[in-house]
Every structure is written in structure tokens, then in C-alpha cells.
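Please open the model in your viewer and keep the selection tool at hand, for this tour moves from one selection to the next and says what is found at each stop.

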Amino acid sequence: MRRPSLRMVAIIVGATFAVLGAGAFLVAASGIYNVAASRPHFEITRVLLQFGLERSVATHSWLESSSKPALDDPDLIRLGAGHFVRGCAFCHGAPGEPRNLAAEHMQPTPPALSLAVTEWSNEELFWIVKHGLKYTGMPGWPSIERDDEVWAVVAFLRQLPNMSPAQYRELANGSAHTSDDEPIAECTRCHGGENAAPTSRLVPKLAGQSAAYLLHALEDYARDRRPSGIMQLLAVPLAAKDRQALAAYYANLKPQASQQKAADAARIERGRRIATEGIREETIPPCLACHSGRAAETFPRLSGQHAPYLAQQLRLFKEGLRAETPQGAIMTAIATRLDEAQISDVAAYFESRDPAEDARDTTPVQGAAQ
Ligand code: HEC
Ligand code: HEC
Ligand code: HEC
């Protein structure tokens, strides 16, 4: 018998695919396949889909590179918990809290995560939370540039398997006592309030910041000019008058000095020099020219602010993520000239500086190098 030619094989393979494709088209076009979420998948479909999903996550999480922070950092865990309350619990439920009734009727149903997370590696969880899962209803992170925020959620997910309902409530609601039906309760969970500091040093202190700056920041989040999957989720639905009221609430609170044990003195001193004198040869201006009591109303105060928050924002400026507003562009140009060591020095200095000094500060700034 003659061996089939290569051309013959190609024609047979091509024809088979054409027939299969036409068959698939006919099945789809006829509407016979039932997409109702009210009934589960056939077992074979479910197994195949699950297999495909697990392989896809394994491959793509391996291809993705993102520098992983220490996931046992309590500040990271608390920030992730605060976000989980609004961003995830609706669908997945939380310790002691069932998922929403509507989510209960999704297909696939979002699983309770205490058990589910144990089956994935850190990198896989990161990838799922960042990109979401197509065709399941699992959404991707609202601002794809913010890997640092996604890692905070992963840090929290890692703690979930051993978390009691009481521990969850403490992490999720913070220690500020506000009545739940006031709009401010949504903010004090993370930012603290009259007598309570923020729950995490990655969450900024807002007390005593000018109302003009706070409002400007909330508008930047709401209008997608300052990417943050955590804050945008909360700021977008706020009515303009609520943004004003919330900004006024925090502007009226007394700024709090840092309770943090001071970082080493040499670092603070190096930071102080940058803040008061700048670095002329690197055209870095003195920070206090724009960040003390003398500065414009819409410029933020930094004294007493958490160092990890300040350092992270300086990195975001450097990456160009806060460059979209005229105000943000000013700071971006400065932050791009700071290296990582200068960032941590100047952040340590501002955290150690008493906010009361901003008001007292009337000495002219030395050596302004613009
Ligand atoms: C709109 C509902 C919805 C929201 C909101 C949501 N998820 Fe999901 N999630 C899902 C669905 C649906 C799946 C897919 C389940 C499946 O394939 O079996 C899923 C899957 C997952 C998985 C994989 C679990 C597994 O083993 O299958 C993780 C982890 C996860 N979500 C974490 C989160 C986190 C963290 C958040 C918040 C940042 C979040 N989800 C927000 C619906 C949601
Ligand atoms: C889940 C915790 C969480 C909740 C709840 C929360 N915030 Fe935030 N907030 C943050 C984090 C984290 C940032 C820093 C985000 C970034 O990187 O831009 C922030 C930043 C801000 C800023 C900018 C501050 C600055 O110095 O630039 C303002 C203003 C603000 N939040 C107001 C609010 C208001 C008002 C509410 C209530 C509606 C609220 N936040 C609720 C975590 C939270
Ligand atoms: C020419 C004025 C100017 C100088 C000098 C300046 N900044 Fe800024 N800075 C700003 C403005 C304006 C903003 C607000 C940007 C915005 O609204 O997005 C800002 C914001 C910041 C923020 C974010 C604060 C927050 O709450 O999110 C940090 C951190 C910061 N500056 C650090 C520094 C440091 C460190 C220096 C010195 C190396 C410095 N700045 C010098 C104008 C200045």
C-alpha cells in the first residue's frame, strides 16, 4: 500500500477540524447548551474547567515577576484585612460571616477562602487576586499597577485558615468607636478617628491634614488620577458633599505625634538635612519649603506621618503613578531624584518630627536649590 502523502494528511487533519468547528458552531447557534447559573455544570465539564483553571494559574503565576514583601508583617496583614471587608467578603464570606445571598447563587459559587487558600502558593494567590479568573465572576484588582496592595491581601489570606470570628472582627473594624450607620465608620476602620490611630502604618494619618488637601486626594481617587485599588473602591461611590464632610471631619482632629520608637539617630539626622537643606548637587530642594506650616493649603503635612506610608508614596511618585495632576507632577519631579536610602532617611525624619513644629516653623529655609 502506498504511504499517504504529507499533503493527504494535512487535508484529512484540516477537514476533521473543519467538521468539529462546524459542529461546535451548530451547537452554539442552536442554543441547546444551557448557560443557566441555576444548575451546576455536568461533572465532566466541571472537572475539565477546574483542571484548565489550575494549570493556567500555575503557568501564569510562574511567568509573572513581582518582588514579594515579608508576608508576616502585621501592617500588611491589617491593611489586607481592611480591604477584604469591602472588596471580597460580599462574595466569599469571612470568619463568622456568610457570603451575600446573591453570591450564593453564582455559578461557580465563590468558595469560603479559609480552606481554599491552603491549596495555592503565595505566588498563585497573588496572581489570582491581581488578575481575577475569567468566566467565573472573580474580578481582577481595580488598579493593576499596585502590586504592593495585592500583596497586602495575600498576607491577610495567609492568616485566614487559623482566624477566629473575633480576631477577624478586630482586624476588620479597627479600634475606633463610631456608630456603624455614620458614613465616617467606613473610614475610621482603617484611618482611626478622634482617639484612635490608623490600624496599620501603611495607612496614612489624616488627622490635622488640611481639608483642602484631603478633598483634593479624595477627588484624585474618585476621578482615577491616583491609582489605589483600596481607596478608589471607597472614594468612587462617595457623593461630593460626603467627600467634603469627611475631609472636614479629619481636618478638625488634632494631629498626632508618632508613638513609634525613633529610628536610629544617624538616619534621622541624614533625613533632617534633606528636609531642611535639600541636596544642592542633586538639585533636590528642601522638603520643608513645601511641607511645613508655611506651605500652600493644598500641600500635605508630613510631620508625624508613618514612615512606611511616606516611603511607599515616594516610590509611587518615582514610578510616575501620582503624576497626573499638576500638584502630583511637582512632587514627581523631586521624588525621581531620591534614591532608596534617601527615601528611608527622609521618611524616618518626618515620622519623628512633632507635628506641632510645622506651626512653629517660621525660620526661612536654607539653601533652597530649585
Ligand atoms: C463578585 C464576586 C467575587 C468577588 C468580589 C471576589 N471574588 Fe474571589 N472568586 C469568585 C469566584 C466566582 C471564584 C471562582 C471559584 C471557582 O472557580 O470555583 C473566585 C475565586 C477566588 C480564589 C480561588 C479560590 C479557589 O480555590 O477556587 C481566591 C483565592 C479568591 N477568589 C480571592 C478573592 C479575594 C482576595 C477577593 C477580594 C480582593 C475576591 N476573591 C473577590 C468571586 C468573587
Ligand atoms: C481598607 C482601609 C481603608 C479604608 C476603609 C479607608 N482608607 Fe483611606 N487610605 C487607605 C490607604 C491604604 C491609603 C493610601 C492609598 C494610596 O497608596 O494612595 C489611603 C489614603 C487616603 C487618603 C489620602 C491621604 C494622603 O495623605 O494623601 C485620604 C484623603 C483617605 N484615604 C480618606 C479616606 C476616607 C474619607 C475614607 C472613608 C470613606 C477612607 N479613606 C477609608 C486605607 C483606607
Ligand atoms: C516644590 C514643592 C515641594 C517640595 C520642595 C517637596 N514636595 Fe513633597 N509634595 C508636594 C506636593 C504639591 C505634594 C502633593 C502631591 C499630590 O497632591 O499628589 C507633595 C506630596 C508629598 C508626599 C505624599 C504625602 C501624602 O500624604 O501622600 C510625600 C511623601 C512627599 N511629598 C515627600 C517630600 C519629600 C521627602 C521632599 C523633599 C525631598 C518633598 N516632598 C519636597 C510639593 C513639594
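This is a predicted model: local features need pLDDT of at least 70, side-chain atom pairs count only at pLDDT 80 or more; totals for chains, interfaces and linings use all residues.

**Stop one: helix H2**

Begin by selecting residues 43-63, which form helix H2. With 21 residues at 1.5 Å a residue, H2 should span 30 Å, and because its end C-alpha atoms are 30 Å apart, the model agrees with that expectation. Now colour Val57, Ala58 and Ser61, the buried residues of H2. Where do they lie around the axis of H2? They cover an arc of only 95 degrees, and therefore they sit on the same side of the helix. Turn the view to the other side of H2, and you come to Ile44, Leu48, Phe51 and Leu63, which are exposed.

**Stop two: ligand 1**

Next, select ligand 1 together with the 22 residues that surround it, of which Cys88, Cys91, His92, Trp120 and Met138 are the closest. Two or more residues of this shell come from each of the helices H4 (89-92), H6 (113-116), H7 (122-131) and H8 (147-159), and H7 gives the most, with three residues. If you colour the shell by residue type, you will find 18 nonpolar residues and four polar ones, but no charged residue.

Two side chains here deserve a distance label. Histidine 92 places a polar side-chain atom 2.8 Å from a nitrogen atom of ligand 1, while an N or O atom in the side chain of tryptophan 120 is 2.8 Å from an oxygen atom of the ligand.

**Stop three: ligand 3**

Finally, move to ligand 3, which is surrounded by 26 residues, with Cys287, Cys290, His291, Tyr309 and Met331 as the closest. Helices H11 (211-222), H15 (288-291), H16 (307-318) and H17 (326-335) each supply at least two residues of the shell. Coloured by type, the shell around ligand 3 divides into 18 nonpolar, six polar and two charged residues.

A polar side-chain atom of histidine 291 lies 2.8 Å from a nitrogen atom of ligand 3, and tyrosine 213 has a polar side-chain atom 3.3 Å from an oxygen atom of the ligand. For arginine 322, the distance from a polar side-chain atom to an oxygen atom of ligand 3 is 2.9 Å.

Terms used: Residues are numbered from 1 along each chain as its sequence is written. Chains are lettered from A and ligands numbered from 1 in the order in which they are written. Side-chain values use heavy atoms; hydrogens and water are left out. A residue is near a molecule or strand if one of its heavy atoms lies within 4 Å of it. A polar contact is a pair of N or O atoms within 3.5 Å; within protein, one must be able to donate a hydrogen and the other to accept it, and residues adjacent in sequence count only if both atoms are side-chain atoms. Helices (H or I, at least four residues) and strands (E, at least two) are DSSP runs, numbered from the N terminus. Ala, Val, Leu, Ile, Met, Phe, Trp, Tyr, Cys and Pro count as nonpolar, Asp, Glu, Lys and Arg as charged, and the others, Gly among them, as polar. The expected span of a helix is 1.5 Å times one less than its number of residues. Buried means under 20% relative accessible area, exposed over 50%, partly exposed in between (1.4 Å probe, protein chains only). The arc is that of the directions from the helix axis to the C-beta atoms.
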